[in-house]
Amino acid sequence: PAFSSDFRSNCSPYELARFDHHLLRHSNMNAPDRYERFVVPEGMTKVSYQRDMKIMNAATFTIEREDHTIGNVLRMQLHRDPNVLFAGYKLPHPLQYKIIVKVQTTSQSSPMQAYKQAINDLDKELDHLRHVFEAEVEQKKTEFY
């Protein structure tokens, strides 16, 4: 610690607790609050779209308040589409809570169509997974009770 043992020996337990709390609280002063990782601020859109002007049928989607979990699942779902030529994502910086997804498609589709289809397919898959999980939980409940 930054203070000598004399400082600690002359303090009451209450003062020591307050001092330790102060050190702990201010040790992460530059870190943003946890909720900022998940809650989209007012006035900010969850997903933004920008067409690529240099590459045909390519676009960039910026998804706010998401990380590798959504980025990788979305990328893999986009790769299942035969009209998708390229799908990749990146996190620009660990303290920026957003992912940037790049998509390029054949002339038979558009990046927006591929993105919407991937989201719809993932929604259906997750809904199916939830129903299967709930059915298994109910079955296990009846077996044990």
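1. In this note a pocket is an open set of grid points with protein on both sides within 12 Å along at least five of seven lines, and its lining residues have an atom within 4 Å of a point. The structure under review is a predicted model.

2. The largest pocket has a volume of about 220 Å³. Its lining consists of Lys 46, Val 47, Ile 63, Glu 66, Ile 70, Val 73, Leu 74, Tyr 115, Ile 119, Leu 122, Asp 123 and Leu 126.

3. Two helices, H3 (68–79) and H4 (111–144), each supply at least two residues of this lining. Helix H4 gives the most, with five residues.

4. The structure contains two aromatic pairs. One of them joins Tyr 49 and Phe 61 in a tilted arrangement, with 5.2 Å from centre to centre and 55° between the planes. This pair links distant parts of the chain: Tyr 49 lies in strand E1 and Phe 61 in strand E2 (residues 58–64), twelve residues apart.

5. On the surface, a nonpolar patch is formed by Tyr 35, Phe 38 and Val 39, which together have about 360 Å² of accessible area. Of these residues, Tyr 35 is located in the loop that runs between helix H2 (13–26) and strand E1 (47–51).

Methods. Residues numbered from 1 in each chain as written. Predicted model: local features only at pLDDT ≥ 70, side-chain atom pairs only at ≥ 80, totals over all residues. Heavy atoms only, no water. Patch = residues over 30% accessible without salt bridge, like charges linked within 9 Å, V, L, I, M, F, W, Y side chains within 5 Å. Areas by Shrake-Rupley, 256 points an atom, 1.4 Å probe, with all protein chains shown as cover. Salt bridge = Lys/Arg side-chain N within 4 Å of Asp/Glu carboxyl O. Helix = DSSP H or I, 4+ residues; strand = E, 2+ residues; numbered from the N terminus. 1 Å grid on protein atoms, 1.4 Å probe; cavity = no way out; pocket = protein on both sides within 12 Å on 5 of 7 lines; lining within 4 Å. Points joined across faces, edges and corners; volume = space filled by probe spheres on them. Phe/Tyr/Trp six-rings, centres within 6.5 Å; stacked < 30°, edge-to-face > 60°.
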